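User: I'd like to learn how to read packing features in a model like this one. Could you walk me through it?

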Amino acid sequence: MPESSSSQSSASTTGLDIRPFRALTYRQQDPEHLARVSSPAYDLVTPAGRDRLARTDPHNVVRLILPVAAPGAPGAPALRSAELAAATLRRWQDEGVLVREDQPALWLYEMRPAGGGPATVGWLGAVALPPPGSSAVLPHEDTYPVAVEGRRALLAATATDLEPIVLAHDPDPEVTEVTDKVRLGPPAITVEDADAVEHLLWRVTDRHVLDRLTAALARTEAVIADGHHRFAAARANERLREAHPGTDSVLALVTPMGPGGLRVDPIHRVVPDLDMDTAVRVAATGFRVTELPTGSTRLTDTVHRWLTAEGERDFLITDGSRLVRLTDPSDGVLATVPSEAPPAWRGLDVVLAHHGLLDLLWHRPDDPDSVLIAHSVDEALQLAADRAGVALLLRAPSPSDVAAVARAGARMPRKSTLFVPKPRTGLVLRPLED
């Protein structure tokens with residue numbers, strides 16, 4: 001049963017081409033079980049978190065998205081782990097832990113935050129990989145080749161999209177209308193994660209609804225909000241597409257830009273093996289340095305006030321004890337930002353931080369060993385303490401900043417944006433074969 005069905009013909013060559021698919025889901029779908037076997041997105045799971053999830057349930061999806069092969073097994077580490085994931089996936093299907101849906105469907109996905117507030121809604125589907133030069137799906141961040149290869153090897157071995165990328169699309173009133181109508185019915189899947197975010201999914205197979213939705217989304221274009229490495233991995237898997245005709249697509253959660261969509265949180269940097277005195281002294285050669293008193297307040301309280309305040313091209317650096325603000329970059333620091341780049345890109349704080357501070361002053365190349373990534377202030381402080389380094393704290397760009405960079409054909413440094421909330425991994429998987 002081809003997953004493209006009639007919706008493929010309704011897609012334009014310039015807009016999103018989203019297709020129903022026959023999902024692979026856990027046979028046991030009660031909320032408590034799904035909470036045990038699902039996981040955060042792979043790039044948010046720490047090594048300790050991975051072990052904790054794996055202990056929670058023998059069928060937790062983390063065993064697929066972050067497989068750990070036995071030391072000494074033949075082959076490169078990424079390939080060994082990928083083959084382990086593929087064997088585990090086959091076994092779970094043979095045992096009936098995971099079952100294949102009979103009908104192709106699109107899935108409405110809603111995330112309701114703890115304590116109220118606006119929900120995030122989107123549609124899970126197989127989004128066609130656009131041809132070169134298309135603006136249908138635009139990346140906005142650089143990728144790291146080793147990470148792309150790891151995801152590519154996993155995709156090739158399992159022949160399954162284990163978790164969706166996330167796209168933010170142009171708003172469309174018909175998409176909103178269809179979404180609101182589907183939400184009136186009871187969801188097929190509900191689960192609450194450890195952060196008390198409720199995840200609700202509706203399985204939609206009605207042909208009229210699917211045709212309306214796919215035609216409406218075909219009028220929109222999208223920016224990759226999350227999943228640049230997995231998108232690149234899907235593009236890189238030419239051999240896989242030859243083995244599985246018609247699978248030139250990737251599992252994606254398609255959310256609207258603006259109301260009902262995602263928000264952007266900052267991602268911070270940690271520079272290991274750099275003491276605070278040296279970091280401040282060297283930074284002072286290119287920025288104005290101001291020591292911030294924390295007084296009786298917690299350092300993190302001061303940081304969070306700064307993160308939510310308006311600011312222009314300023315950064316915080318800290319070792320967990322001292323907190324220093326960097327402002328007024330010198331002409332030499334500003335000159336490190338390539339003048340030929342689009343204005344939307346040149347104006348980003350993260351670009352100046354990478355070119356003017358990390359590279360020019362601290363002499364740190366942008367690779368995962370020299371510059372570590374932290375998704376929260378607490379994680380950044382812990383990493384800085386563990387690695388005898390300093391944390392570089394950044395504000396988040398706005399969604400409009402991200403879209404402007406993508407549409408200008410530019411790329412932010414890797415891991416510049418954290419679009420939240422993120423879909424829960426393991427609720428819906430997508431085998432590549434029909």
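User: Let's start inside. Which residues touch the most other members of the largest nonpolar core?

Analyst: Keep in mind that this is a predicted model. The general idea is that in soluble globular proteins, nonpolar side chains tend to be buried together. Here, the largest nonpolar core has 82 residues, and Trp 107 and Trp 362 touch the most other members. Helix α15 (residues 349-361) gives the most to this core, with 7 residues. There's also a second, separate core of 30 residues, whose members include Ile 18, Val 137, Trp 202 and Val 204.

User: What does Trp 107 touch, leaving out residues up to four places away in sequence?

Analyst: Its contacts include Phe 21, Ala 23, Trp 123, Leu 124, Ile 189, Leu 201 and Val 428. Glu 101 and Arg 203 are also among the residues that Trp 107 touches. Trp 202 is on that list too, although Trp 202 belongs to the second core.

User: Which way do the side chains of β16 point?

Analyst: In a regular strand the side chains alternate between the two faces of the sheet. In β16, Phe 315 and Ile 317 point one way, Leu 316 and Thr 318 the other, and all are buried.

User: Which strands pair with β16?

Analyst: β17 (residues 323-327) runs antiparallel to β16, joined by 4 bridges, and β19 (residues 390-393) pairs with β16 in the antiparallel sense over 3 bridges. Follow Thr 318: its bridge partner is Leu 323 in β17 and Ala 391 in β19. The hairpin of β16 and β17 has 4 residues between the strands, and Gly 320 there takes a positive phi near 100°.

User: Last one: where do charged ends sit over rings?

Analyst: Arg 151 has its charged end over the ring of Tyr 42, 3.9 Å from the centre. The charged end of Arg 395 sits over the ring of Trp 306, 4.1 Å from its centre.

Methods
Residues are numbered from 1 along each chain as its sequence is written. This is a predicted model: local features need pLDDT of at least 70, side-chain atom pairs count only at pLDDT 80 or more; totals for chains, interfaces and linings use all residues. Side-chain values use heavy atoms; hydrogens and water are left out. A charge sits over a ring if NZ of Lys or CZ of Arg is within 6 Å of the ring centre and within 35 degrees of the ring normal. Buried means under 20% relative accessible area, exposed over 50%, partly exposed in between (1.4 Å probe, protein chains only). Helices (H or I, at least four residues) and strands (E, at least two) are DSSP runs, numbered from the N terminus. Two strands pair if DSSP finds at least two bridges between them. A nonpolar core is a set of buried Ala, Val, Leu, Ile, Met, Phe, Trp, Tyr and Cys residues joined through side-chain atoms within 4.5 Å. Contact means heavy atoms within 4.5 Å.
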